[in-house]
Every structure is written in C-alpha cells, then in structure tokens.
Amino acid sequence: MRAGDLLARLYLLALFVFVFAPIVTSMVFSFNSDRFPTVPLGHFTLRWYETAFARPEVWTAFRNSLIVAVSAAALSTALGFATAYTDFRYGFRFKQAYLALALLPPTIPLVIMGLAMLAWLGRLGLSGTLTGIVIAHTVMGAPFAMAICRLRLQQMDPALEAAAWNLGASPWRAMGTVVLPFCLPALISAFCLTAAVSFDEFIVAWFVSGLNRTVPVAILEILQGNVDPQINAIGTVVFLTSMTLVVVAQLMLLRRTAR
Amino acid sequence: MSKRFDPYPHVWRLPLLIWQGLFFVGPLLLMVALSFWVVRNYRMEPAFVLDNWERMLGREVFWNAYGVTFRRAAVAAALASLIAFPASFALAFRVSDAARRWAIFFLIVPFFTSYLVRVYAWQVLLAESGPINAVLGFGGLGPFTMLNSAFGAMVGYLTLVLPLVVILQTFSLAAVDRTLIEAAWNLGASPRATLFRVIIPAAKVGLILGFVFAFILSFGDFVSPFYLGGSKPPTLSILIIDTTKSGQQWPRAAVVAVMMILTLFAVASAAVGAAYGRRR
C-alpha cells in the first residue's frame, strides 16, 4: 500500500470515529455505573435502564412514538409513492412547481415548521394531539418516501406497464399486478425510513405535542434538567430502533438493485 | 376516444397537492400572515400592522442573533466542506466501489439517527470532567472548557452535517469522468493543477450542494447552539423558541421565521446560480 493510500484510510477512519463517537459513547455509558460519566469507566450496571423504564411516562412516550411513527410512515409512503408515480408516468404543466412542492419541506428549518404547525393546527383544533404530530411528520417524511419510490420506478421498464394494458388490463389492474409488486421493496424501504424520520423528530413534535410527548420530546424535557445517565439508556434504545429501521430501509433498496 | 373523465391520473397526482397545500403551504402562509397580526391581552387578533416587524427589526438583539447565526452557519458549512473533502476524495478515487458503497451506507445511518441523543452524548464527552478532558489530563493537558462555547456549537453542527456533505461530495467526485483526469495527466498537469483545474470544476455542483445543505441545516438548527453552545449569544432559532414559549408573542417569532426563510432562499438561489450558471 502506498503512503497516500494509508493516509487516506487513516483520515477516513478519523472521520468515521467522529461521526460514530456520540452513538458509541451513549451506548457505553448507558451500562456504566458512574453518575457523571468519564474515564476510567466504573463497573457494568443495568441500573439506568431499570430506573428509566420504571417510569410510566417513558412507556407512554414510547407508545406515542410508535403510534405516530407507524401512522406517519404509512401516510408518507402512500403520498410519496403517488407523487413518484405521477412524476414517472405523466408530464404536465407546472410539473417543476409540483415537484418543488413535493421536495421542499426538508429545507425548511424545523423550528419554523414547528411554529407554523403550532399556529395552523391550533386553528384546526388539533394542537396537542397525536394526530397533529402525525400530520407534521407526514409532511416531513413524504419527500424521502417520494425519492425512494422514484429511484425504484426509474429501474422499471415503462414498456412493462404498457404491455399489461395491451394485454387488456385496466390501468388499475396494471398498477396492482405490475407496478406495485415491482415497487414493493421501495415501499418497505420508504416505510422504514420515514418511520425513522418520525421516530427521531422532536422539534416540531415538541412545539405541537402539548402533553402527548413522543420519546425524543420526553428526552428533551429530561435534558432541561441535568446530566442524567438515564438519557443514555433511553437514547441507546432510540439509536438501536432508528438504526435498525435505516439499515433495513437501505438493504431493501440495495438487494434488488444489485441484480 | 371518448372524452369521459378518467379519475386514474388524478388519484395519484392530487393527494400531494391537497396534503402539502393543507399542511405545508397553509401553515407557512399563516405564519407569514401572523407576522402582521396584533397581540391584545395575550390573545392574537388578525390585523395588518407593521408593528411586529418594526419592533423585531429595530432591536439590536435580533441583529446580533442574525449575525451570529449567519456567521456560524457559514463557518460550519465551510469547515464541513473542507473536512469532508479529503474523505470524499479518498472514497471517490482511492477505495473500491464496494468499499465506497458501504461507506455511504454507514454515513446514511447516522444522518437519520437521533440527532438530539447524539448532541447529548457530546455534552457528556466534552464536559469539564468528561472523558476527553480525562484523556487529555493523562497527558498533562487541560482541562479545557469546550461546552457552552462557539467550539461546542461547532462540534454539534459538524455532527449534524458532515455525513450529508461527505455523501454529496463523494457522489459528485465519483461521477467525474476519469478520462478527463487521465487527459490532464497526459498533458503534463501537476497533481495540484489536476485537482484545482479539472476535478474540482467538474464536481462543482455536488461541492456547492454540500455547502448549501450544510448552511441550511446549521442556520436553522436549535439543538447545537442551545445544548453545546450555551445559547449565549442566542441564535435565531433560539430567539424563535424563546419568543414563542414565553407568552404568546407568536407574531414576533413569525417575523424572525420569515427573515430566516428569506435568507435561506437568497443563499440557495445564489448557490444554484453558482452551481449551474456560468456554464456553456
């Protein structure tokens, strides 16, 4: 190996250490006995998990997060697929504006989305409800779902759908028997990714949630207090959940594209 | 062909228009309108007054926050671009395709993984008596105060944006036509000239996109400046939260929000111009 290659690899390693340091830290200290985490480490303990998960509000938060993530992911995926299919199949006037509308939400700062949603949902009588959070998270997740479905549709031969029509299938039947099965991995992928987006989002949820806290909002409220290893314990569960979702989302896409 | 109405295309096209209209455009427009409303007796009333604008824009606090936020976002975007570049370059040119795919895979994971908990972990790592200072202490250094400072906030921004910047840069660098590079070599260009006059111009779009996304994310971020930067001086996002959460001053928070959106819009347009303009 040349010196340049070695240097490049070391640099990459350092970058990945920086990116993953907080995740590893959280996991390590969630099992560490010290109240104020530092090195050298104390001894192994499950205490923080026990205290954190003995709190009923933590369980409520997980239940809320689960409900919100599943609902928002289902809605985002449906919306994202419909939009991606529209972009794939049809050309029409103002299509650029249509696509901009579809892809813009992630560029709006979350604090601003939070404020705007708070005001809007308040008018609709939905502030402080889980429905409100689901609505907000669907707006934020749909662009990602759209992108994933669009990538998958790109790999589909447009003649495939046309062939189904020529064989006498209605557009609906062609959708159900050709397009949707082809896009299934992308749909699962989009569902997992948008569930992760929702599961991790906390600023809009914090603005909108009122008393119905999701997990990260509960963490945020504990954080207002002080350094508390319980956050590492809850955080580790959160990390494992969202990492699993994102890994599955990616594997679903890679598995089929490799063919 | 009959001209009967066919619902099929509309079933796919309309949901987005309805949903984003109701829950994305609607809220944002209401927020813009809100900035002209008045607050009487802790209640907001629709109106059209410039009072909120005059008050917010007439305050030094606002402009200080604006300056801090803009500067920090620019520095974070520049730092992230510079730090990411050698890594992206290595991923694009020095490793196998498989290794590159896995690297991207493992950069996408943290981007979608609880930013809040990662920032909390930095709070632990960077603390006065935390692990990093403890390790430095063995070498007789420190302890350094890293939390509640611009440095702390910068670590947070980089945590947020580095993976994305590396991904965008890597894609654009990997897409650079290899024959262009070989041609430069064959024509006797030095490595430096090849990098600055062939590779970077060819990968311009991705490099600029990386910078812009880093800027957008850092500019709007509230977590890093709050938990790692100590919220002094406050950034615009902290200003919005303070103004919203302390007593119904939503219209004034809306003024800050509109100013932020206008700024991001201006920066994004300038960047798109730089990325796609001046090209034959």
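Across the interface of chain A and chain B, one salt bridge is found, defined as a side-chain nitrogen of Lys or Arg within 4 Å of a carboxyl oxygen of Asp or Glu. The side chains of A:Asp5 and B:Arg94 meet in a salt bridge, with an N to O distance of 3.0 Å. The structure is a predicted model, in which local features need pLDDT of at least 70 and side-chain atom pairs count only at pLDDT 80 or more, whereas totals for chains, interfaces and linings use all residues. Residues are numbered from 1 along each chain as its sequence is written, chains are lettered from A and ligands numbered from 1 in the order in which they are written, and side-chain values use heavy atoms, with hydrogens and water left out.

The contact (heavy atoms within 4.5 Å) involves 87 residues of chain A and 79 residues of chain B. Between them the chains bury about 7,500 Å², of which 82% is on carbon and sulfur atoms; buried area is the accessible area (1.4 Å probe) that two parts lose on being put together, summed over both. In chain A, the most area is lost to chain B by A:Phe18, A:Leu115 and A:Trp120, together 9% of what that side buries.

Within chain B, B:Ser218 is buried at a relative accessible area of 1%, where buried means under 20%, exposed over 50% and partly exposed in between (1.4 Å probe, protein chains only). Not counting residues up to four places away in sequence, B:Ser218 touches B:Ala73, B:Ala76, B:Tyr157 and B:Val161. A polar atom of the B:Ser218 side chain lies 2.7 Å from the backbone oxygen of B:Ala214.

Notes:
Polar contact = N/O pair within 3.5 Å; in protein donor to acceptor, adjacent residues only side chain to side chain.
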